[in-house]
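Please keep the sequence at hand while reading.

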Amino acid sequence: NHSRSEPVHFLQIWILPARRGLAPGYEQKRFPDGEKRGRLRLVASPDRAEGSVTVHQDARIHRLTPGRHAWVQVLRGEVEAGGERLAAGDGAAFSDETSLPLNALADAEILLFDLG
C-alpha cells in the first residue's frame, strides 16, 4: 500500500496449478461495479472467458455446476449463502449442491469458486 493514511483492501488467493512446471504468473484486473452489481461476474477461468484472468486449474471463480464443489468468500459486507450467515472475511465450503441460494444482507461483494 503506497498510502500512509488510506487503508488497503487486499485478498490474495493461491490455487495449485493443474500441472507442474508452469512458469509463475501474476494478473491483476479491476472489474467495474456495473459488471458485478446484482449478479455474479466471472473473474478467473482456465480459458480467460468473459475477460477473466487466467487460472491454470479446472476452476471458474463464480459459477456453480451440479456435481462440483463451491467455496464462497465474502470480500465485503454480509451475505447468506446456502442458509449460512457470512460476514466480510468469512468463507464457506459447499459440495454436491444443485443450487446455492445467495442473498446479500448488506451491500456485499463475494467470490464464488467452482472447483472440480
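Is D33 buried, partly exposed or exposed? The model is predicted, and in it D33 has a relative accessible area of 42%. Buried would require under 20% and exposed over 50%, so D33 is partly exposed. D33 sits in the segment before β1, the strand of residues 44-45.

**Residues outside the strands**

Q57 belongs to the loop that links β2 (53-54) with β3 (59-61). With a relative accessibility of 25%, Q57 counts as partly exposed. Leaving out residues up to four places away in sequence, Q57 touches I15, L16, P17, A18 and P46. G38 is 19 residues from Q57 in sequence, and the C-alpha atoms of Q57 and G38 are 27 Å apart.

The loop between β1 and β2 holds R48 and also E50. R48 is not a glycine, yet its phi is positive, at about 60 degrees. E50, likewise not a glycine, has a positive phi of about 55 degrees. R48 counts as exposed at 53% relative accessibility, whereas E50 counts as partly exposed at 42%.

The accessibility values given above are collected here.

| Residue | Relative accessibility | Class |
|---|---|---|
| D33 | 42% | partly exposed |
| Q57 | 25% | partly exposed |
| R48 | 53% | exposed |
| E50 | 42% | partly exposed |

**Strands and sheet**

In which order do the four strands of the open sheet lie? The order is β3-β9-β4-β7, with antiparallel pairing. β3 and β7 are the edge strands, each pairing on one side only. On average, neighbouring strands in this sheet are turned by 15 degrees against each other, with direction ignored.

Within the sheet, β4 and β9 (residues 109-115) run antiparallel and are joined by seven bridges. V74 has I110 in β9 as its bridge partner.

β5 and β6 (residues 84-87) also run antiparallel, joined by four bridges. The bridge partner of A81 in β6 is E84. These two strands form a hairpin with two residues between them, and there G82 takes a positive phi near 55 degrees.

**Nonpolar cores**

Which residues make up the largest nonpolar core? The core has 10 residues: A70, V72, V74, V79, A81, L86, A92, F94, L100 and L112. Two or more of them come from each of β4 (69-76), β5 (78-81) and β7 (91-95). β4 gives the largest share, three residues. Another core lies apart from this one; it has nine residues, including V53, V55, L75 and F113.

In soluble globular proteins, nonpolar side chains tend to be buried together.

A92, a member of the largest core, is in contact with A70, W71, V72 and L86 when its neighbours within four places in sequence are set aside. V74 and A81 are also members of that core; V74 is the residue bridged to I110 in β9, and A81 is the residue bridged to E84 in β6.

Definitions and conventions:
Residues are numbered from 1 along each chain as its sequence is written. This is a predicted model: local features need pLDDT of at least 70, side-chain atom pairs count only at pLDDT 80 or more; totals for chains, interfaces and linings use all residues. Side-chain values use heavy atoms; hydrogens and water are left out. A nonpolar core is a set of buried Ala, Val, Leu, Ile, Met, Phe, Trp, Tyr and Cys residues joined through side-chain atoms within 4.5 Å. Buried means under 20% relative accessible area, exposed over 50%, partly exposed in between (1.4 Å probe, protein chains only). Contact means heavy atoms within 4.5 Å. Two strands pair if DSSP finds at least two bridges between them. Axes are lines fitted to C-alpha atoms, for helices over the stretch in contact, and angles run from 0 to 180 degrees between N-to-C directions.
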